[in-house]
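Here's a quick walk through a two-chain model, starting where the chains meet. Keep the viewer open as you read.

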Amino acid sequence: MESAGFGAAWLQYALGGITIGAIYALVAIGYNIIYNVTEIINFAQGEFVMLGGLFAVFFYEACGLPILAAFLAAVAAVALTGLVLERYVIRNARQATVLSMIIITIAFSILLKGGAMLAWGKDPYRLPPFTGGGSILWNGVAVQPQALWVLGVSGIIVVCLTLFFRRSVYGKAMLACADNPAAARLVGIPVRTMIFLSFMLSAAIGAAAGVSITPITLMEYDRGALLGLKGFGAAVLGGLGQFFGALVAGLLLGLAESFCAGYVSSGYKDAVALVLLLLALFFKPEGLFGSKEAAGLKRF
Amino acid sequence: MVGGRLAQCVGRWSRIVLWVCVLALMVPAGVLAGGEPYKIGAVFSVTGGASFLGEPEKRTAEMIVEQVNAQGGINGHPVELILYDDETDATKCNLAVKKLIKRDKVPVIIGPTTSGNSLAVVGLAEDFKIPLISCAASYKIVEPVESRRWVFKVAGSDKHVVGKMYDYMKAKGISRIGIMTVSDGFGASGREELLRLAQEYGITVVADERYGPKDTDLTAQLTKIRESGAQAVVNWSVGPTAVLAVKGWRDLKMEGMPLFQSHGFGSKKYLELSGDAAEGVLLPLARVNVGPLLPDDHPQKKVIMEYKQAYEAKYQEPISSFGGHAWDSMHLALAALKAVGPDPAKIRDFLENTKNFVGQHGIFNFSPQDHNGLSKDDLEMVVVKKGDWALAQ
């Protein structure tokens, strides 16, 4: 251990930071999808992560599904929750201002948290890692196979989203809604369907993040708020609406937290995310990758 | 006219006299019946954040009252338990204690469940001179003892847990440790004691790490401890982070550096959640958690096994350390009522002079300087073996 020395510790911090950073990035991407289409910041995003983890536990333990099927079932169940949020809550309040809608999502997040507490109780739950076997020791750095799964799942989601937005008609239509909803409607894009789709998509992404981290971190009903907050930090830091920005900012936050815990003091770990967020808001309010001009056009 | 008024007057008087006679007849009748109940007030956090503590406490207290009344009460008086739920809220706890004192006029109160709530009501116990037996752990509940004349507590202090742990480390030749504590009240108090007592036991803390109660990843803290040259790791937290510490410790291959947990890890649920990773984890626990492992001649064996059998038969759930606190406070209150009757001042004096009271959490020896009555010898060092507790050698 001593022979591994400084380098091993450094790598270990980096690995831990990237793993948790990937989750922040996924949560941030979830914020961005909805924001792009509706300008709503959906504060229930963190709860989608929590629900993903808990649904996976339910499908795995109570229904006896294999882990991959439980993963997909959980993602589908949470996407359905996103659908309910859009269809029965947001759509009914479509005359309201963006700010009221944001407050509605806060109410919905409290509802989800309370519902999860009633359904699953207050105890944390565990899920086995996707693949068996303990951690691998490599040059003094312990690598959990599940951490690789988290990174893999995040990578796949980012690639798929990129393809979706660049290549598919629906993806392009969604981007068009983001750029200019009125013009999008004029050229025949069903804006309502796009909004609907955006909620389902971001709920599904949140759920995928939740299922992937549950084997590492456990999951319980009130985990969502903090993950949601960190993810929001990443979304703002990267520039609201910027997918690439969210990815970089998420990883940056994760790494900053991990290195702060390692080399400064673990007591200040949570402060790092907030300080970075404040610095960004002071000096570059449109985020690292956002453009000032585009930010000026947004209502929120 | 005058005569009429006089007659009216006499009529009224005779009626009053009649009522007085009736009342006078009723009072001795009540006394003769003998069944005037002895009241015990209780405040537990049955719902809210600390409900996992308050629920077994409530169940234990109710079970004991049932048992005592089935055996004819104390000295011929049935026991009446007046129990309020403070919803883990300090304000509601304060109101509940006021209600117990002013409206229900109880001579003794057991609870509250948490340290925060207990500190919110110690002032009431002092002002109204009603003895209060708290089920929470913070030493501040009973110290400074000059301003806590009416307050007692039955949960051990962190200094006992740390003392037991450090004793064990010394016996195993461990002198350099890394500590990691959660940044809430529980962890902060543990950290304070770990740092304060280290020197006294000849132990050096070479790494002092912290994390939040909702943190999802502790590998950074553990890595830092791994690199610090410590011989052992101490983790001090309750909830999911206690399990994350175990998993992280195993994943980082730190078996060469034994992991000590606080008594906060002392729940079977945490063992289940940690699975195989918990093998070899060490922690000091109160004997109520390890009743079946105790030798038969241990003085606490009998009371613990009796409580365990009765509780598990009645509620179909395992006993917990927290229910044990309710057992201790309830039986102390009952012993006091039996010895001195429902007089708050006499109950206080009785409690303060109680010695060798065999309870679930230890053998209590109270004194005017010590309103807790426990010591580090009331704990056992326990190791996780094949997913269950075993006494550590």
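Predicted model: local features only at pLDDT ≥ 70, side-chain atom pairs only at ≥ 80, totals over all residues.

## Where the chains meet

B:Lys269 pairs up with A:Asp123 in a salt bridge, with 3.0 Å between the closest N and O atoms. The term here means a side-chain nitrogen of Lys or Arg within 4 Å of a carboxyl oxygen of Asp or Glu. Across the interface of chain A and chain B, the rule finds 4 salt bridges. There are also 11 residue pairs in polar contact between the two chains, both residues at pLDDT 80 or more. (A polar contact is a pair of N or O atoms within 3.5 Å; within protein, one must be able to donate a hydrogen and the other to accept it, and residues adjacent in sequence count only if both atoms are side-chain atoms.)

On the side of chain A that touches chain B, helix 1 (5–38), helix 8 (191–217), helix 10 (243–264) and helix 11 (269–283) each give two or more residues. Helices are DSSP runs (H or I, at least four residues), as are strands (E, at least two), numbered from the N terminus. Helix 1 of chain A gives the most, with 6 residues. In all, the contact (heavy atoms within 4.5 Å) takes 36 residues from chain A and 28 residues from chain B.

Residues are numbered from 1 along each chain as written, chains are lettered from A and ligands numbered from 1 in written order, and side-chain values use heavy atoms, leaving out hydrogens and water.

Chain B has a mean pLDDT (the predictor's confidence in each residue, from 0 to 100) of 89, and 91% of its residues reach 70 or more. Over residues 27–33 of chain B, though, pLDDT stays under 50, and the model has 0 contacts beyond four places in sequence for them.

An unreviewed UniProt entry annotates residues 37–373 of chain B as "domain: Leucine-binding protein". That span is 44% helix and 16% strand, and its end C-alpha atoms lie 29 Å apart.

A cis peptide bond joins B:Gly111 and B:Pro112, with omega about -5°. B:Pro112 sits in the loop between strand 3 (109–110) and helix 4 (115–128) of chain B. The bond from B:Glu143 to B:Pro144 is cis too, omega being near -5°; B:Pro144 is in the loop between strand 4 (132–134) and strand 5 (151–153) of chain B.

Definitions and conventions
UniProt positions renumbered as here; feature names shortened; annotations may be inferred.
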